Amino acid sequence: MLKSCSYCGKIHDSKYICSAKPKKNRAITEADKFRWTSIWQRKREEIKKRDLYLCQICIRELYNTVTKYNTEELSVHHNIPINEEYNKRLDNNNLLTVCDYHHKMCDRGEIPRDEVQRIIDEQENNR
């Protein structure tokens with residue numbers, strides 16, 4: 001049976017594996033394994049609770065904030081990445097609740113680490 005390929009747009013047999021299909025050869029890292037643990041899930045929830053389930057960048061109206069009280073698509077960001085300092089993976093002084101938009105900015109370095117650390121320090125001092 002022939003069908004349209006979603007990768008290249010050509011018509012192939014349905015059993016044909018198109019060469020344009022993206023490869024998924026990424027190795028599973030220690031950081032990936034850690035993110036699946038119950039320890040991380042509990043810590044992530046603890047940090048979100050500390051930060052009142054709000055993006056801490058948005059609440060401060062920094063870096064192109066659209067919604068000040070953003071509770072959508074939240075995650076917990078490691079200021080110093082797990083692959084750089086594995087020992088700090090569960091350290092409250094390294095974790096901050098952010099929305100998906102600001103998380104990507106942090107990961108790309110568009111929000112400086114020292115700025116993120118200042119916000120983390122504020123949050124830890126408010127406990």
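**Cysteines, a buried lysine and the main pocket**

Counting cysteine sulfur pairs within 2.5 Å as disulfides, the tally comes to zero. Cysteine 55 is in no disulfide, its nearest cysteine sulfur being that of cysteine 58, 3.6 Å away, which is too far for a bond. Cysteine 55 is buried, at a relative accessible area of 0%, and cysteine 58 is buried too, at 2%; buried here means under 20% relative accessible area with a 1.4 Å probe and protein chains only.

The model is predicted, so local features need pLDDT of at least 70 and side-chain atom pairs count only at pLDDT 80 or more, while totals for chains, interfaces and linings use all residues. Residues are numbered from 1 along each chain as its sequence is written, and side-chain values use heavy atoms, with hydrogens and water left out.

Although buried, lysine 48 has no salt bridge, and glutamate 45, the nearest side chain of opposite charge, is 5.1 Å away; a salt bridge takes a Lys or Arg side-chain nitrogen within 4 Å of an Asp or Glu carboxyl oxygen. Beyond neighbours within four places in sequence, lysine 48 is in contact (heavy atoms within 4.5 Å) with Tyr53, Leu74, Ser75, Val76 and Thr97.

Of its 24 lining residues, Arg35, His77, His78, His103 and Asp107 lie nearest the centre. Helix α3 gives the most, with five residues.

Definitions and conventions: Buried < 20%, exposed > 50% of the residue type's maximum accessible area, 1.4 Å probe, protein only. Lys, Arg positive; Asp, Glu negative; His and termini not counted. 1 Å grid on protein atoms, 1.4 Å probe; cavity = no way out; pocket = protein on both sides within 12 Å on 5 of 7 lines; lining within 4 Å. Helix = DSSP H or I, 4+ residues; strand = E, 2+ residues; numbered from the N terminus.
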